[in-house]
Every structure is written in C-alpha cells, then in structure tokens.
Amino acid sequence: ASAILKEALRAYDEALKRNPRAGGTWLARAAAGVSLGYCERDPLTRCREAIRDSTEAIKLAPNESEAWHRRGLSRLNLVRADGPDPKADVLEALHDFGAAIRIDPRNALAHQDLGGVRVNYGLWLSSHRTDPGEWFRTACADFDRALAIDPRLEDARLWRFNARRFVAVETEGAGADAGAWLEGVLEDAPHVLKLRDDAETHHHV
C-alpha cells in the first residue's frame, strides 16, 4: 500500500506541475498523503502536508464544499495523530467542516465528520480527566443530521452508538436523561451488531 500511495503522490506532483490550478488534484493529493502517513507511521507530517494541499484547493474554489471538507478531514486526522495542540486543531477542524456545511447543508459526510472531531476531542478530554459529555452530546446531533440525509452512513451510526453509550454510562452530564441516552444506545445496537457481524464474516471469507 505504501508503494502505491507514493506512486500516486508522484503522479499528482507531475500533474500539478502541468496544471497547478487543478483543485481536484490538490484534494486527491491530500487524501493520499494522509493515508501514506499512517502507512509510514508519520501521520503528523503528512497531515500537515494535506492541510497545505487542501488550502490550495480552497484558494482555487472557495465555494467548493468538498475542499473545506477535505481540509477538515486533514485536521481531524491531525487530532487523531496526537498533534501538539489538539484544541487548536479541533477548533480549526470545526471551522472547516462548518464551512463545508454552510456551502452544502446536505453534505452528509461533513456532518458525520463534524461529529467525529467532537468525539475525538471528547476522548482527549476524558484522558485528561475532564468530563467530555457536552462534546459527545453535540456530536450525537451531528450524527443525527448525517443519518437523516444518508441513512447508509455506517460510521455515523457506529460513532453515534459509542457517543450515546459514553454519555449514558461514563459522563457526569447524563443526569436525569440517562434513560433516554440508554434508549438511544439500544436503538443503534442492532445496526452496530450487524456491522460487526458483517465485518467478521468478511474477515473469514
């Protein structure tokens, strides 16, 4: 996989030399770079490069929802990779996903990934002994919007299940609403179990 991604990056570099105003090529390079970072176990460097590439695409097409979404994803991956300033990275990711949604309110993946960045920051807060309940509750609303637009989004449903469970069981913020959050967990549980069964079946094929 690493060799294929490196070859793809070289091809994108050549294409950008010929046409540096090809916004789609900048976005493709950003996506390949993030994937390569995880293969190389150096995601921080590759995520920063992906942010740079996505910014070039935004400069070329500031009203393109996908360009803002891609930069938000690059920042989300920076949070996941334990960048040096997670709060700043989260705020910038929230800004980028918000811009993608303002341009295209039906961008279901942007709603999903907006929730994803809240969940990742909530986990970081939890690891630093800070109650992340508000971040998880807000993330659930993002996942609700994503699934209302596209019910096929498996990641949104899985993340919502985990966020609901976290609020209901492990945070201080559930309070009297804990029962309602547990009902939400039970609502998502059959879908999540099916996803896991399908993944296990695929693994053994």
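Which residues does Ser 65 touch, not counting residues up to four places away in sequence?

Modeller: The model is predicted, so local features need pLDDT of at least 70 and side-chain atom pairs count only at pLDDT 80 or more, while totals for chains, interfaces and linings use all residues. Residues are numbered from 1 along each chain as its sequence is written, and side-chain values use heavy atoms, with hydrogens and water left out.

Ser 65 touches Ala 100, Ile 103, Asp 104 and Asn 107, where contact means heavy atoms within 4.5 Å. Ser 65 lies in helix H4; helices are DSSP runs (H or I, at least four residues), numbered from the N terminus. With a relative accessible area of 6%, Ser 65 is buried (buried means under 20%, exposed over 50%, partly exposed in between, with a 1.4 Å probe and protein chains only).

Glu 66 also belongs to helix H4, which comprises residues 65–80. Glu 66 is partly exposed, at a relative accessible area of 32%. Leaving aside neighbours within four places in sequence, Glu 66 is in contact with Leu 27 and Asn 107. Leu 27 and Glu 66 are 39 residues apart in sequence, yet their C-alpha atoms are 8.5 Å apart in space.

Notes. Helix = DSSP H or I, 4+ residues; strand = E, 2+ residues; numbered from the N terminus.
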